[in-house]
Structure formats: C-alpha cells, structure tokens
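Here are some notes for a colleague who is opening this structure for the first time. They are meant to be read with the model on screen.

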Amino acid sequence: MMSVPESIRPRKLSDEVQERLLRLICEERLTPGDALPSERELMARYEIGRPAIREAMQSLQHMGVIEIRHGGRPRVAAPSLDALVEQMGTAMRHLLTHSQSSLGHLKEARVSLEAELARIAAAKRTDEDIADLTALLAKQKSARADGEAFLEIDGRFHRRIAAMSGNPIFETVAHGIFTWMRAFHVEQVRKRGLEALTLAEHRTILDAIAAGNGEAAARSMRDHLDRANALYHQENAT
C-alpha cells in the first residue's frame, strides 16, 4: 500500500526564530522582567542574520510577549489582558467593517454579556461602586456637547459595571467589545436628543444596581443595548 505524501512547506526564518524563542521562554521558565539573549547572541546561536532575529522580536513584541527598549536586551513582558485586546483591534475592525453578520454577532454577544454583568453588579455592589458610577454619570451629563468625550465616558461607565464582577476577564472582554464597536457608534451618540436618552437609560441601570435588583439591572441593560442596536439597523436601512 502506497503511503500518502506529506509535503513539507518552507517556513520563514523569522517564524522559526519566533517559535524557538517562545520555547526558550517556556523551557527556561523565564518570568516577566527576565532578559532574553541579545541579538548578537541569538545570531551566533541560530547561525542566521540580524534581519530574521529582529523580525521575530518585533512579532513577539506585537504579541505582547516581550518588551524591547532602546539600548537594552529584550525582556519578557508582564501578561496583560488589555494588551491582548489592543493587539486584536486591527483585525477586529477589519472584520466588522467587511462582515455585517460578524457585527451582528458581536452585538448579540455584548447584550448577553453586559446584561449578566449588570445582574452580577447588583449582587456585589458596594457604596464605592455606586459612588463611582454616579460620578461617571454626572461627568457624562456634563459632556453632552462633546461627542467624543460623551462616548469615552460611556465606555468607562460600562467598564466600571463589568469591573464590579471581580473578574478581570469579564471586564476586559466587555471593554474590548465596546472598543471594537466604537467606530459604529460615534455618530449615534451625536444625534440630537440621543444623549438625553442614553443618560436616562444609564440612570435606570444605576438605580437598579444600587437597589440590588439583579433582574431589573439585567433587563435595563438589555433594553439599553437593544435600543442602540435597533437604532443602528434603522439608520443603515435608510
């Protein structure tokens, strides 16, 4: 019986270096702040030129695995969920720009996630949490004439609710979704009269959380986001 051919595809040198450096970090159990070998040492170790080493290093830096500082050796970076979201940003913006269904799926995911986070916030609320949300709502009200500032505080309000879960992954994912969708919402918050509606809905969410009413908080958050999604579809249908 003849064996099935197994083709071997050539790899870029920088990809091979990147894989070896990742293996080096794991095998030597390097931790955040630990230095990696210098470019010169890596060139000698792998017997390749500087361009492949630098390309691999830049790729690892973009991935958030290492930090590169001028005049020093590259070092293992501290893990960061925010950095991961930022790294995905360009690809997500491209996806959402060219795939209407993906935008719809992301909105659906956001509604479900943030409604549950509002429910959790109502159960875990503290006086400090409520004070922070109240202050953010006051700042957002003062920023009604500034679309960019209004939207930036909007994101902080939603992220603060997510942070009340005590789970940094929930917080980062919720904020990441908001950030990725931001380009699709700037014009909506600038529409005349919409700022007042957004503020009123935020107040309803805040009141439900402050009262410890998880069902009302989840329902208010869902209604708030569903309204925004419906407006987006209405605007794009005209």
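**Notes on the model**

1. A polar pair to start from. The side chains of R160 and D129 make a polar contact of 2.7 Å. The model is predicted, and this distance is computed from it. R160 sits in helix α7. Is R160 buried or exposed? Its relative accessibility is 17%, and the limit for a buried residue is under 20%, so R160 counts as buried.

2. Surroundings of R160. Residues up to four places away in sequence are left out here. R160 then touches E128, D129, D132, L133 and L136. Two of these names, L133 and L136, come back below among the contacts of F157.

3. L136 belongs to helix α6. With a relative accessibility of 9%, L136 counts as buried. Beyond its neighbours within four places in sequence, L136 is in contact with I153, R156, F157 and R160. For one of these, R156, the separation is 20 residues in sequence, while the C-alpha atoms of L136 and R156 are 7.6 Å apart in space.

4. The largest nonpolar core. This core has 23 residues. Which of them touch the most other members? They are L133, F157, I161, L206, I209, A217 and M221. Two or more residues come from each of α5 (100-124), α6 (127-142), α7 (147-163), α10 (194-210) and α11 (214-237). Helix α10 contributes the most, with 5 residues. In soluble globular proteins, nonpolar side chains tend to be buried together.

5. F157 within that core. Leaving out residues up to four places away in sequence, F157 touches L133, L136, H202 and L206. Of these, L133 and L206 are also named with F157 among the core members that touch the most others. Apart from this core lies another, of 16 residues, which includes L30, Y46, I48 and A56.

6. Histidine contacts. H224 is a residue of helix α11. At 4% relative accessibility, H224 counts as buried. Which side chains does the side chain of H224 meet in polar contacts? One is that of H158, at 3.4 Å. Another is that of H202, at 3.3 Å. Not counting residues up to four places away in sequence, H224 touches H158, T198, E201, H202 and I205. H202 is also one of the residues that F157 touches.

7. Packing of α4 against α5. Two packed helices are described by the angle between their axes and the distance between the axes. Helix α4 (residues 81-98) packs with α5 at an angle of about 115°, and their axes are 5 Å apart. The two helices are therefore roughly perpendicular to each other. In the contact, M92, L95, L96 and H98 of α4 meet Q100, S102, L103 and L106 of α5. Sorted by class, the contact has 5 nonpolar residues, 3 polar residues and no charged ones.

8. Two residues with positive phi. R29 has a phi near 50°, which is positive although R29 is not a glycine. R29 lies in the loop between α1 (13-27) and α2 (39-46). Its relative accessible area is 72%, so R29 is exposed. E47 also has a positive phi, of about 55°, and is not a glycine either. E47 is found in the loop between α2 and α3 (50-62). With 73% relative accessibility, E47 counts as exposed.

9. The chain as a whole. How many helices and strands does the chain have? There are 11 helices and 2 strands. Read from the N terminus, the order of elements is α-α-α-β-β-α-α-α-α-α-α-α-α. The chain has 238 residues, and 40% of them count as buried. Among contacts with a separation of 6 or more, 71% are between residues 24 or more positions apart.

Notes: Residues are numbered from 1 along each chain as its sequence is written. This is a predicted model: local features need pLDDT of at least 70, side-chain atom pairs count only at pLDDT 80 or more; totals for chains, interfaces and linings use all residues. Side-chain values use heavy atoms; hydrogens and water are left out. A nonpolar core is a set of buried Ala, Val, Leu, Ile, Met, Phe, Trp, Tyr and Cys residues joined through side-chain atoms within 4.5 Å. Buried means under 20% relative accessible area, exposed over 50%, partly exposed in between (1.4 Å probe, protein chains only). Helices (H or I, at least four residues) and strands (E, at least two) are DSSP runs, numbered from the N terminus. Contact means heavy atoms within 4.5 Å. A polar contact is a pair of N or O atoms within 3.5 Å; within protein, one must be able to donate a hydrogen and the other to accept it, and residues adjacent in sequence count only if both atoms are side-chain atoms. Axes are lines fitted to C-alpha atoms, for helices over the stretch in contact, and angles run from 0 to 180 degrees between N-to-C directions. Angles under 35 degrees count as roughly parallel, over 145 as roughly antiparallel, 65 to 115 as roughly perpendicular and the rest as oblique. Ala, Val, Leu, Ile, Met, Phe, Trp, Tyr, Cys and Pro count as nonpolar, Asp, Glu, Lys and Arg as charged, and the others, Gly among them, as polar.
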